[in-house]
Amino acid sequence: MAKIKYHILVCGGISCHASKSEDILKNFQDLIKMKGLENEVQVIRTGCFGFCEKGPIVKMMPDNTFYFQVKPEDCAEILEEHIIKGKRVNHLLYRDPVTQEYKSDSQPIGFYKKQIRIALRNCGFINPENIDEYIARDGYQALGKVLTELTPEATIEILKKSGLRGRGGGGFPTGIKWEITRAVKADQKYVVCNADEGDPGAFMDRSVLEGDPHSVLEAMAINGYCTGADKGVIYIRAEYPLAVERLKIAMKQAREYGLLGKDILGTGFNFDIEIRYGAGAFVCGEETALIHSMEGLRGEPTVKPPFPSESGFLGKPTNVNNVETYANIPAIFLKGAEWYASIGTAKSKGTKVFALAGKINNVGLIEVPMGITLREIIFEIGGGIKNDRKFKAVQTGGPSGGMLTEKDLDTPIDYDNLIAAGSMMGSGGMIVMDEDDCMVAMAKFYLEFTVEESCGKCSPCRIGNKRLFEMLEKVTQGHAVMEDLDKLRNLSFVIKDTSLCGLGQTSPNPVLSSLDNFYHEYLEHVGDKKCRSGSCKSLMQYIINAENCIGCTLCARNCPVDAIAGERKQAHLIDQEKCIKCGACMEKCKFNAIFIK
Amino acid sequence: MADLKKMQENLCAKIDMRENNNDGDTRIKVKIAMATCGIASGAKEVMEVFIEEFTKRNIDAVVTQTGCMGYCYAEPTVEITKPGYEPITFGYVDVKKASKLIDKYILNNELVDGIIPVNYEKIDNK
């Protein structure tokens, strides 16, 4: 059998599709057939190459040449020159905007990519259950370097210079946190890895732990060396069994190799790690609540100060960092603080991992440099909104964050800009909403979550959020009056100002940000008793159009609550009092006589 | 420390070979994304198909698991590296497509729909 020698890959991403990639594909197929090359050359459609502004993109294999802004009429030239004569078609190559040179990039090209993988550098590359593969990719080199060449002070200095800030959402500078813990004198200190990932729709930390557990272990050991701790604890939710399993395997292998335990690498430094399980409570992501849960107490927060760095786990100084923060650290020591600080914006350095979810084509885990815009994330990396619907908003920061809208699409993403825009970085959940989503219902969804997850210790959070939720429910059911909207806002501020911990202090954010950005939707719910997206069921009505209805009785027979009345061959009527808005009638009607108002 | 360096260099060479196929190693490498999400969408069954078919057809290949590749929308995802070729990532690989990949791509060098181009920068290229 003749084997295929050349492959032509045509980008099938949304924006290339819009610029005629289908015609390109078809032209290639026709030309190949015409020249009788079917057994040697194959054309295939691929996923997005991620350089949409230069699309459509065509990649030639096996020599990995990329052609940009290809037009359907270029196909003949590419086939003739590139495949038959073996010469590159110069004018379709990438042209460097600065030097104006044409780049023929048979080398892996790095110049157009929107994503940089630092925390995820090994995810999807190595076998997470094999320490050798981690070591081969420079694993434990950072620990070795720190232990043998650097003092704890110098190590912290590098971390400070890198500009790394806490990836759990707060954005506190990691180096300073370490320095504070180091400065406290105590006979025993602890370092903790916060793997209690609780935002709805977020799975960044789970993916890191499942794909590259050693990077977290290594960074925790570096943390121990710097802060003066010889014990590390990973607090992870029991709902992540695979992550736990792989962590256990990783810890066992690291001990066997002498990279955890006594006298690591012959330097006299002792450090070992144990795992503590959480029962999956959102509040336990807050560090004081997390520490209490680790101690076997109820997962409830306490007032800071004292900060964990002074009095944390078992009353000892404790340094808590998040999984993704740790995953960045070995790379910083291998490649240098300057390198790390060269990525990102003035005050937010490096990259951030986001779990992209919701009404988006390419749901996935992405790692992007700080300073990228939402537009690039949603429309280029994410491939745009599902089913060609219109973008409405994106929620960052989970239930603690806010909604970003059209006007924020071109804001460079970093800690400070997101706060200025009324949201927050959060741990990295990013939920995209389209025109079919009701913003009041979204705020209600997040409040429902917070009400469930509130630990109940302080009354603003326990009672206040419940009241917020009830008011939102009134709005979505069409029972609210205008005063309720003012009450919503006022109560939100009270909860923010008076709650004990971060959970309550941020829980009204989705309400406030939806009030700020989508006040008109609230007004419609309250004033006109209407939900423009049609997702608030209480506010919609199924109506029978008497002109189309022939009186077949099919709808009446299928109504589960007998809400439809009417004689045979006469137009039917829906009793709105009885109707439960299940939509069964509309589904059954063969004459398009039922519509939603 | 010196030991670690040595070990790293040794292993690195070995993995390098695996990644780049510049060692004349003629074995085909198949990596399957097996984080929770991959497994939930059937990566384990896909891995079994690869292992079974390779044994049955006497194809000399290495099948390994790896972590999340980030393409949740296209799970299960599989990366195939043929000697002398760049690694290619295929998405939406169910049991049926796994056999198709063996028939078409591995044996006949014919590509199959569902290719996901690498659209991120790795830090070791920097």
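This is a predicted model: local features need pLDDT of at least 70, side-chain atom pairs count only at pLDDT 80 or more; totals for chains, interfaces and linings use all residues.
Chain B contains an open sheet of 4 strands, arranged in the order E2-E1-E3-E4 and with mixed pairing. The edges of this sheet are formed by strand E2 (61-66) and strand E4 (88-90) of chain B, each of which pairs on one side only. From one strand to the next, the twist averages 20°. Strands of a sheet pair through backbone hydrogen bonds, in either a parallel or an antiparallel manner. In chain B, strand E1 (residues 28-33) and E2(B) run parallel and are joined by 6 bridges, and within this part of the sheet B:Val30 stands opposite B:Val63 in E2(B).

The contact between the two chains takes 56 residues from chain A and 38 residues from chain B. On the side of chain B that touches chain A, helix H1 (2-20), E2 and strand E5 (120-122) of chain B each supply at least two residues, and H1(B) gives the most, with 7 residues. By residue class, this side of chain B divides into 20 nonpolar, 12 polar and 6 charged residues. Strand E2 of chain B is thus named both as an edge strand of the sheet and among the elements that supply residues to the side touching chain A.

Strand pairing also extends across the two chains, in that strand E7 (residues 115-117) of chain A and E5(B) run parallel and are joined by 3 bridges. In this pairing, A:Ile116 stands opposite B:Glu121 in E5(B).

Methods:
Residues are numbered from 1 along each chain as its sequence is written. Chains are lettered from A and ligands numbered from 1 in the order in which they are written. Two strands pair if DSSP finds at least two bridges between them. Axes are lines fitted to C-alpha atoms, for helices over the stretch in contact, and angles run from 0 to 180 degrees between N-to-C directions. Two residues are in contact if their C-beta atoms, placed from the backbone, lie within 7 Å. Ala, Val, Leu, Ile, Met, Phe, Trp, Tyr, Cys and Pro count as nonpolar, Asp, Glu, Lys and Arg as charged, and the others, Gly among them, as polar.
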